[in-house]
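Student: Could you walk me through reading a model like this one? I would like the general idea behind each feature before the case itself.

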Protein chains: 2
Amino acid sequence: MPGKLQRPELGEARSQGLHNIGEAAGLSQVSAKMIRHYEHIGLIPEAARTMAGYRLYSDADVHRLRFIKRARSLGFPVKQIGVLLQLWSDRSRASAEVKALAQQHARELAARIAEMQAMQRTLDDLARRCHGDNRPDCPILDDLSGDVPDGPRRAGPRGPLR
Amino acid sequence: MPGKLQRPELGEARSQGLHNIGEAAGLSQVSAKMIRHYEHIGLIPEAARTMAGYRLYSDADVHRLRFIKRARSLGFPVKQIGVLLQLWSDRSRASAEVKALAQQHARELAARIAEMQAMQRTLDDLARRCHGDNRPDCPILDDLSGDVPDGPRRAGPRGPLR
DNA sequence: GCTTGACCTTGCCATGGTGGGAAGGCCCAG
DNA sequence: CTGGGCCTTCCCACCATGGCAAGGTCAAGC
């Protein structure tokens, strides 16, 4: 009994080790919602279907979903994951390509981290200088309003208040 | 001709120190697009209009826009900026409220920074262990695929490569 | 006055990743 | 056969921002 080219029934497909979307979601930790989404945007190929239109996933499909999950958890954007998936399936890829992609992503992460750390430093500084009691006096609001009574506090060049 | 309660002409409004949206954008560094958006979502009150429907901004309005700009640059989400604006305009606010808000935001920043740093550490580690040459061998893809040859990194079930 | 170009108006679409929900069909156990 | 749990598609929302299009307005130069 060779491969059926037609759409199977659900029970039949299940007995052949295929999973419906809920199972695939459970196994891969990617929500059914997101699995459909990834299919929609072309990150994964269109799933096979049962006669009734239910999506079917092989273990290899689930494996791919786990790959995506892990890559997302490392912060890779979906577009880059698409490239990673291609490289993954290409046995003759050069590891240099993968490494370059990872390093580029690491640099982007580093840039965003640096931005947020700058915000954090400023906030910590402002909060430290705010007595935080019942008085209305507040260096934080003074800073936000551009009304800075004393001393430079923002790291970095300060432009005139325009 | 005492104070007009009706919509003025543009030139007239200008001569009274009001700004059209482009000027306000230039003065506040908030794009005209975003000024309209902030009005739309209620972050700022509806602007006055000329007879032709052009928005008009006073210096105080521009000052408020600069406040928003600065708060955004510190990463405050728009909702919190709404609260900050209220506190700013309330002369009897307690600085403790402002400080609490700033500190809460700082904590959220810290949490996101920590997440991203964890990603970055993993990426750096993987990239360091990837020779990055023409060979297909790649610890980065091995990790993403859950196939980790050496060093216990994640023990997950392994699916076949289809 | 009329043309021209810069500006303004509203409105819709897109980003990116995720969740929520509605309306309707399918499957299996009782 | 019925009920409940799954599946399907489609739309909406978040958050902040930009872009584009079609049409009105204003000011300057001829």
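Tutor: We will go through the chain, a helix pair, the chain contact and the DNA surface in turn.

Tutor: This is a predicted model, in which local features need pLDDT of at least 70, side-chain atom pairs count only at pLDDT 80 or more, and totals for chains, interfaces and linings use all residues. Residues are numbered from 1 along each chain as its sequence is written, while chains are lettered from A and ligands numbered from 1 in the order in which they are written.

Student: How many helices and strands are there in chain A?

Tutor: Helices (H or I, at least four residues) and strands (E, at least two) are DSSP runs, numbered from the N terminus. Chain A has seven helices and two strands, running α-α-α-β-β-α-α-α-α from the N terminus on.

Student: How is a pair of packed helices described?

Tutor: By the angle between their axes and the distance between the axes. Axes are lines fitted to C-alpha atoms, for helices over the stretch in contact, and angles run from 0 to 180 degrees between N-to-C directions. Here, the axes of α4 (residues 59-73) and α5 (residues 78-89) of chain A come within 11 Å and cross at roughly 135 degrees. That makes α4(A) oblique to α5(A); angles under 35 degrees count as roughly parallel, over 145 as roughly antiparallel, 65 to 115 as roughly perpendicular and the rest as oblique.

Student: Which residues of α4(A) and α5(A) meet?

Tutor: Contact means that C-beta atoms, placed from the backbone, lie within 7 Å. A:Arg64, A:Phe67, A:Ile68, A:Ala71 and A:Arg72 in α4(A) meet A:Ile81, A:Leu84, A:Leu85 and A:Trp88 in α5(A).

Student: How many residues of chain A are in contact with chain B?

Tutor: 54 residues of chain A are in contact with 54 residues of chain B. On the chain A side, α4, α5, α6 (95-128) and α7 (139-144) each supply at least two residues. α6(A) gives the most, with 21 residues.

Student: And which residues come nearest to DNA strand D?

Tutor: A residue is near a strand if its C-beta atom, placed from the backbone, lies within 6 Å of it. Of the 22 residues around DNA strand D, A:Gly22, A:Arg55, B:Ala52, B:Pro77 and B:Val78 come nearest. Among the helices that each supply at least two residues of this surface are α2 (21-28) of chain A and α1 (10-15) of chain B. α3(B) gives the most, with three residues.

Methods
Two residues are in contact if their C-beta atoms, placed from the backbone, lie within 7 Å.
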